[in-house]
Structure formats: C-alpha cells, structure tokens
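Student: I would like to learn how to read pockets, cavities and ring contacts in a model. Please take me through them one at a time.

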Amino acid sequence: MSPAPLSGPAALSIPSPSLSQFSLGPLTIHIYALCLLTGIVVAYLLGRRRYRDRGGTDDDFEAVALWAVVFGIVGARVYHVITDHELYFGPGRQWYRAFFIWQGGLGIWGSITGGALAVLWVCHRRGLTFAPMADSLAPALLLAQGIGRLGNWFNQELFGSPTTLPWGLRIDPAHRPAGYLQYQTFHPTFLYELIWNVLGALALLWIDRHWRLERGKLFALYVVVYTFGRFWVERLRIDPANHLGGWRLNSYTSVIVFTAGLIWFCWLLRYRPGADPRPVRVPQPAPPADDHEESGASESR
C-alpha cells in the first residue's frame with residue numbers, strides 16, 4: 001500500500017542535489033561521470049594492491065584493468081540498448097542515439113560481463129592465471145559499484161517507491177515518473193545499494209583475510225553478495241523498465257546470476273579447496289632452438 005501523498009516538505013528526509021552537472025569553459029562535466037570515475041580509481045588502487053599481495057605485477061594488473069574498463073563500459077551500454085531497445089528503435093525513434101552514451105543508460109550486468117570477458121582475454125594473452133586476478137578485483141568491484149550509485153543521487157533517478165520514512169529521498173517534480181507526481185519522498189535505492197555494496201566489500205576483505213579464499217571462490221562470493229542485495233533494491237524501483245510476469249527484467253537477472261554464483265561457489269569449495277597451486281603467471285615454454293645456433297654453440301664450447 002502506497003503512503004498518502006505529502007502536501008508539504010517532509011520534516012525528515014534526504015535532499016536531492018540541486019545540480020547534476022557544471023561547466024568548465026566549453027566543457028560540460030557530468031557529476032554522474034565523476035562518480036563512475038571515482039569508483040574506477042578506487043577499484044584500481046585496491047585491486048592492484050591485492051593483486052600485488054597475491055604475487056602479481058603492477059604491469060599485468062594495469063593491462064588487465066585498462067581493457068576491463070573499456071569493455072565494461074561498452075558492455076554496459078550494449079546491455080542497456082538491448083533491454084530497452086524500444087527507446088532507440090521503432091517508429092519515431094532515432095537509432096543512432098544508442099551511441100549517445102553521455103546521455104545516460106548503462107546496465108551493470110553488461111558492465112560485469114564485458115569486464116569479465118576482457119579480463120579473461122587479457123589474462124590469456126599475457127599468460128596470466130584468471131582466478132588470482134578475479135579474486136583480487138572482487139571487493140574492489142563492490143566498492144566501485146557502490147560509489148557509482150552516487151551518480152543516481154545527483155541525477156535524481158532510479159529511486160524507489162514513495163515512502164514517509166525519515167530517510168526518504170526528496171525528488172523534484174520534474175524527475176518524478178508519471179503517476180507519482182503527488183509524492184515528494186521516495187526510497188533512496190542509491191543509498192541502499194551503496195550501503196550494501198560497501199558492507200559487502202568489507203565482508204569480503206574480512207573473509208579473505210581470515211580464510212584466504214582463492215581459485216575464484218572470492219569472486220564467486222562477490223557475485224552472490226551483489227546479486228542478493230540487487231534483487232531487493234530492484235524490487236523497490238519504480239523507474240520505467242521492461243516487465244515479465246510482474247517482475248522487472250533485472251529482477252530475473254539477479255535471481256539467475258545469484259543461483260549460478262551460489263552453485264559455482266559451492267562447487268569450488270567442494271572440488272577446488274585450499275590454495276591455488278598454479279602460479280599467478282603461467283611459465284611460457286621456451287622457443288625451440290635453431291639447429292644452426294645449436295651447432296654454433298657447440299663449436300664455441
């Protein structure tokens with residue numbers, strides 16, 4: 001049951017920022033982008049330190065991180081365009097706006113998928129073991145996702161249903177969806193996800209310090225932690241989205257990925273226990289020596 005409409009400003013509530021962008025000369029800086037960049041930097045610094053602790057090198061981590069960010073952004077946009085295709089394709093729509101990434105529209109599921117594929121690809125090319133890289137990034141990713149959600153606060157978007165709770169988020173009329181213009185405060189889903197992700201990251205760091213989860217176990221646990229919280233946050237949101245059987249599409253995605261992550265985690269505990277016996281970098285076989293060089297070496301001896 002929805003709360004009664006509010007006639008005046010809520011006495012206790014979270015205000016929304018009054019601006020979402022600013023100008024530096026001819027450039028328009030979007031605060032949402034700054035939040036994403038801050039999350040990326042935090043994830044990079046934490047992930048690099050953790051990878052170094054696992055025996056990796058800064059050069060290898062930087063190569064992986066660069067491509068993971070690029071593929072993550074591309075994947076996030078592709079997922080958004082596919083799941084919200086009606087915004088870009090069809091009568092009266094301009095298909096080329098699908099490339100206008102600066103106008104918003106990124107799907108976290110596509111970002112995770114694209115980034116993971118990039119990590120796999122770069123690890124393969126550089127002869128790196130995937131699991132230590134993934135386990136190093138697991139808590140860093142949760143922190144980055146939480147920080148990135150602050151961008152939704154500045155944009156006054158992706159909030160939840162109306163609420164009269166003292167931590168309700170005040171939304172300006174221009175940002176309220178149709179059918180909710182009479183309400184002033186809504187569930188601050190950005191804050192819920194921020195808190196959940198930060199607590200989840202701290203929990204992963206604590207677990208890893210005490211049990212040293214390796215061989216992909218910590219990354220699998222990251223998937224479980226994130227999707228569990230994302231499901232409940234998704235159930236609160238009221239922004240336009242494709243639905244199936246009364247559920248938002250992202251709710252189904254959360255359940256499917258959570259189940260897969262939990263099965264993967266349990267399988268790793270059962271069949272891949274203990275520390276990873278593989279080195280962080282797989283030794284590459286030496287190229288076969290040339291017969292002429294071998295002959296010359298023999299004569300020189």
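**Rings, pocket and cavity**

Tutor: Trp121 has a relative accessible area of 36%, so this residue is partly exposed. Buried means under 20% relative accessible area, exposed over 50%, and partly exposed in between (1.4 Å probe, protein chains only). This is a predicted model, in which local features need pLDDT of at least 70, side-chain atom pairs count only at pLDDT 80 or more, and totals for chains, interfaces and linings use all residues. Residues are numbered from 1 along each chain as its sequence is written, and side-chain values use heavy atoms, with hydrogens and water left out.

Student: How many aromatic pairs does a search of the whole structure find?

Tutor: Rings of Phe, Tyr and Trp (its six-membered ring) pair if their centres lie within 6.5 Å; planes under 30 degrees apart are stacked, over 60 edge-to-face, and the rest tilted. The search of the whole structure gives 22 aromatic pairs. The pair of Phe71 and Trp121 is tilted because the planes are at 35°, with ring centres 6.3 Å apart. Phe71 is in helix α2 (residues 58-83) and Trp121 in helix α3, so the pair ties together parts 50 residues apart in sequence. Helices here are DSSP runs (H or I, at least four residues), numbered from the N terminus. Phe71 is partly exposed, at 35% relative accessibility.

Student: Is Tyr183 buried or exposed?

Tutor: Tyr183 counts as buried, at 10% relative accessibility. Tyr180 is partly exposed, at 24%. Another group, Trp95, Tyr96, Phe99 and Phe100, forms one aromatic cluster.

Student: Which residues lie nearest the centre of the second largest pocket?

Tutor: On a 1 Å grid over the protein atoms alone, a pocket is an open set of points with protein on both sides within 12 Å along at least five of seven lines, whereas in a cavity a 1.4 Å probe fits but cannot get out; lining residues have an atom within 4 Å of a point. Ile112, Ala116, Phe219, Val223 and Val257 lie nearest the centre, among 15 lining residues. Helices α3 (108-126), α7 (217-236) and α8 (249-271) each supply at least two residues of this lining.

Student: What lines the largest cavity?

Tutor: The lining consists of Arg149, Asn152, Leu158, Thr189, Phe190, Glu193, Val233 and Arg237. Helix α6 (residues 189-211) gives the most to this lining, with three residues.
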